[in-house]
Amino acid sequence: MSSIIVRGLDGHVKQQLASQAKEHGRSMEAEVRDILTKAARRPHIGMALLSAARDVEGVDELPIPTRDDVARAADFE
C-alpha cells in the first residue's frame, strides 16, 4: 500500500476531518483514506454524460463543429 504526505493543510480542515472521523467511528487516517478512495473512483462527468447520451441514441450523428479559434491568456489589466 502506498503513502502520501499532505503539507500545508489548513487547521480548520484538519479539525473537520477529525470530527468526521469521530462521527464515523474511525481514525482520521481511515477517514481521509475513504474520502480519497471515493473521490478517485468518482466517474468523469463528461464521460458519464456521453454514455447517457449514447443510451438515448442518435448522438453519434450530431455534427461536431471544428474549432479554429486560438486559446489566449487572460488580460487582467
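Author: What follows starts with the salt bridges and then turns to the whole chain.

The model is predicted. How many salt bridges does a search of the whole structure find? The search gives 5.

Start at Arg 26. Its side chain meets that of Glu 31 in a salt bridge, with 2.7 Å from N to O. Arg 26 also meets Asp 34 in a salt bridge, here at 3.2 Å from N to O.

Is Glu 31 buried or exposed? Glu 31 is buried, because its relative accessible area is 2% and the cut-off for buried is under 20%. Arg 26 has a relative accessibility of 32%, so it counts as partly exposed. Asp 34 is partly exposed too, at 22%.

Move on to another pair. Asp 69 and Arg 67 form a salt bridge, and their closest N and O atoms lie 2.8 Å apart. Asp 69 is partly exposed, with 44% relative accessibility. Arg 67 is exposed, at 70%. Which residues do shared partners join into one network? They are Arg 26, Glu 31, Asp 34 and Lys 38.

Next, the charges as a whole. The protein has 11 positive and 13 negative charges.

Val 13 sits in helix 1, which covers residues 11–24. Val 13 counts as partly exposed, with a relative accessibility of 36%.

Now step back to the whole chain. The protein has 3 helices and 0 strands. From the N terminus on, the order is α-α-α. The radius of gyration is 21 Å, well over the 11 Å that the globule rule gives for 77 residues, so the protein is more spread out than a compact globule. Its C-alpha atoms fill a box of roughly 50 × 45 × 25 Å along the principal axes.

Two surface values complete the picture. Of the 77 residues, 5% count as buried, and Glu 31 is a buried residue. The accessible surface comes to about 7,700 Å². Carbon and sulfur atoms account for 56% of that surface.

Key. Residues numbered from 1 in each chain as written. Predicted model: local features only at pLDDT ≥ 70, side-chain atom pairs only at ≥ 80, totals over all residues. Heavy atoms only, no water. Helix = DSSP H or I, 4+ residues; strand = E, 2+ residues; numbered from the N terminus. Rg over C-alpha atoms; globule rule 2.2 N^0.38 Å. Buried < 20%, exposed > 50% of the residue type's maximum accessible area, 1.4 Å probe, protein only. Areas by Shrake-Rupley, 256 points an atom, 1.4 Å probe, with all protein chains shown as cover. Lys, Arg positive; Asp, Glu negative; His and termini not counted. Charge placed at Lys NZ, Arg CZ, Asp CG, Glu CD. Salt bridge = Lys/Arg side-chain N within 4 Å of Asp/Glu carboxyl O.
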